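I open this notebook page to record what I looked up, entry by entry, with the cut-offs beside each term.

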Number of protein chains: 2
Amino acid sequence: MFDIDNMTASSPGISTSCVNISAVERDTGLSKDTLRAWERRYGFPNPSRDSNGERVYPAEQLEKLRIIRRLIDSGLRPGNVVSEPLDVLYARMQTLPSSVPRTEGEFTAADDAFRLLKLHRLVELRQLLSHSLMRLGLQRFVLDVVAPLNELVGNGWIEGRIEIFEEHLYAEQIQQLLRHAIGTMPGDGSGPRILLTTLPGEQHKLGLLMAEACLSVEAAHCISLGVQTPVWDIVQAARAHHADIVALSYSQATPFNTVCANLANLRGELDAAVELWCGGSFWQTARRTVPGVKAIATLAEIPAALATWRREHSACSAAQ
Amino acid sequence: MFDIDNMTASSPGISTSCVNISAVERDTGLSKDTLRAWERRYGFPNPSRDSNGERVYPAEQLEKLRIIRRLIDSGLRPGNVVSEPLDVLYARMQTLPSSVPRTEGEFTAADDAFRLLKLHRLVELRQLLSHSLMRLGLQRFVLDVVAPLNELVGNGWIEGRIEIFEEHLYAEQIQQLLRHAIGTMPGDGSGPRILLTTLPGEQHKLGLLMAEACLSVEAAHCISLGVQTPVWDIVQAARAHHADIVALSYSQATPFNTVCANLANLRGELDAAVELWCGGSFWQTARRTVPGVKAIATLAEIPAALATWRREHSACSAAQ
DNA sequence: AATCCATTTTTGTCCAAGACAAATTTAATT
DNA sequence: AATTAAATTTGTCTTGGACAAAAATGGATT
């Protein structure tokens with residue numbers, strides 16, 4: 001019993017040449033249905049078939065799909081990019097708008113960190129970040145260093161200047177640093193109890209951690225559930241831990257309507273007394289608001305939002 | 001334009017009553033194809049249809065699917081459980097074998113922690129864990145407290161005694177603790193450079209973190225990429241960071257053949273001088289070994305494995 | 001009773017080709 | 001220039017069939 005495709009696969013030193021549709025779905029984030037539809041409509045991807053008639057994707061096509069994914073994530077439409085040859089796609093990547101609004105002054109730390117990441121100088125990177133944190137304090141560190149660095153790394157991935165493993169490594173370093181910082185803060189239990197998480201499908205944990213850092217600095221009592229908590233479990237957790245506020249984090253990639261539907265759904269399930277906050281950069285271009293949901297467009301708004309809550313809450317308890 | 005199903009859905013105060021197949025896939029982890037196949041073969045799930053002929057699953061069926069998932073994860077087969085009524089399923093959950101081999105003496109800490117988790121007494125839980133860590137040291141804490149607690153929580157989920165949000169919360173607490181402990185260890189750079197990660201599809205980050213803790217204690221230089229790194233990126237990262245060892249972590253849920261295929265694949269891509277270690281409880285029942293891959297059946301074996309590496313490596317450099 | 005091998009059943013995943021609604025773009029009108 | 005309407009694009013869902021890997025079963029042998 002031998003497999004022709006696996007034999008042809010291992011030709012030029014690369015044994016991962018050929019993968020099935022499940023692997024492509026996993027590695028590109030494009031659903032099987034989408035992959036088949038593109039093949040039907042645009043003629044790409046164009047996988048060969050194994051002895052059983054099933055699709056087998058060569059590594060080059062997988063790589064091209066990743067590039068296409070980047071372009072679509074940054075606003076282009078499938079019909080305009082999927083059937084284009086590879087060099088045209090590379091050309092288009094150059095013309096993407098780089099949306100990194102940087103505050104002058106602290107941009108050097110983020111730039112330096114990015115350079116160290118690319119050079120794989122991990123020890124120095126950690127030192128630099130750790131030093132910045134100590135010098136600026138947690139709040140300013142998150143706003144002025146981590147946030148722009150996040151953008152740099154994110155754009156670097158879209159433009160292909162950052163490998164996946166470098167992004168992973170970056171996320172680990174920041175996580176280590178922020179968790180350590182958050183962990184060493186006392187937390188006197190006086191502030192509001194805030195339940196932090198993301199909904200299923202949203203995997204971006206750094207945004208959540210940055211929010212937790214900013215909230216902890218303001219003496220809020222944070223209870224983080226990590227990423228991807230189902231709606232029903234958020235409701236249960238809010239009750240079990242007597243949360244005053246449920247705070248969700250979205251990355252910009254999420255379709256706006258999905259966000260609205262989820263928020264409305266969750267709002268309906270939560271007790272009325274519990275506030276629902278939603279952070280994510282997409283609010284900057286949001287067309288409508290969701291009733292009963294507080295939009296937090298940027299991390300910098302967090303102190304003000306907390307101050308408002310405290311004012312309203314103290315007034316409320318005084319009235320009682 | 002009105003939707004009959006959504007109207008019947010919002011009857012008893014629950015607005016999430018009806019969901020489409022995508023949501024079910026997301027919330028249960030069962031693929032769309034599997035859900036349709038079960039419906040065809042066993043008559044369950046049995047969703048109604050919306051005006052467009054698409055499946056709409058009521059909340060009860062979703063809940064039952066979650067229970068079925070637990071039973072299958074613990075070894076039962078779909079044909080025996082999918083078509084059974086709900087009360088039979090509950091009865092079967094009671095009869096599941098509890099496979100927690102506990103070392104006498106330290107089991108009280110894990111049990112107490114589990115109890116505190118169920119009572120949502122977060123502050124006390126953190127204190128207890130933190131105290132155990134200080135008393136036992138990181139290594140023993142991981143082996144004697146975290147590992148059995150992991151089992152307790154995992155089994156609790158399978159048996160339905162633990163909610164998803166409680167598991168999330170647990171994972172966050174442990175993560176916080178371990179990261180903090182790992183972060184405060186000096187790391188003199190003398191030990192082997194170990195690249196730690198999991199392959200795509202493997203999301204269990206606690207196992208990885210526990211391994212990192214045990215390795216760090218033995219003065220290894222750990223470079224963690226977090227979870228779900230593609231094979232090609234592992235190879236790149238190993239080169240970029242001059243790793244001596246690549247260590248992968250698997251949870252017991254992964255099919256054995258998948259593990260073997262991935263390992264063989266990765267082994268072929270990695271430089272021959274780089275060792276490949278693979279940890280995961282499935283080795284305890286493993287039928288075969290993979291050439292060129294070192295199996296680490298339990299965390300307790302880590303010190304010995306590191307000692308072996310050091311012996312071989314020092315002999316090697318002396319011979320040169 | 002335990003181990004091994006061959007046969008049968010179970011089960012997850014894949015396929016094709018069509019359909020449709022939501023999102024987006026384009027065209028037309030005020 | 002701003003709205004509105006029509007056309008296009010695009011992701012996701014549908015059915016019913018197919019097949020291979022995994023698991024269970026049934027003997028035969030040690």
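**Charges over rings**

I found the charged end of A:Lys64 placed over the ring of A:Phe44, 4.1 Å from its centre, where a charge sits over a ring if NZ of Lys or CZ of Arg is within 6 Å of the ring centre and within 35 degrees of the ring normal. In chain B I noted B:Lys64 over the face of B:Phe44, at 4.2 Å from the ring centre.

**Conventions**

I am working with a predicted model, in which local features need pLDDT of at least 70 and side-chain atom pairs count only at pLDDT 80 or more, while totals for chains, interfaces and linings use all residues. Residues are numbered from 1 along each chain as its sequence is written, chains are lettered from A and ligands numbered from 1 in the order in which they are written, and side-chain values use heavy atoms, with hydrogens and water left out.

**Two copies**

**B:Gln173**

I located B:Gln173 in helix 10 of chain B, residues 164–183 (helices are DSSP runs of H or I, at least four residues, numbered from the N terminus). B:Gln173 counts as buried because its relative accessibility is 9%, buried meaning under 20% relative accessible area with a 1.4 Å probe and protein chains only. Leaving aside neighbours within four places in sequence, B:Gln173 is in contact with B:Leu122, B:Leu125 and B:Arg126, contact meaning heavy atoms within 4.5 Å.

Technical notes:
Helix = DSSP H or I, 4+ residues; strand = E, 2+ residues; numbered from the N terminus. Buried < 20%, exposed > 50% of the residue type's maximum accessible area, 1.4 Å probe, protein only.
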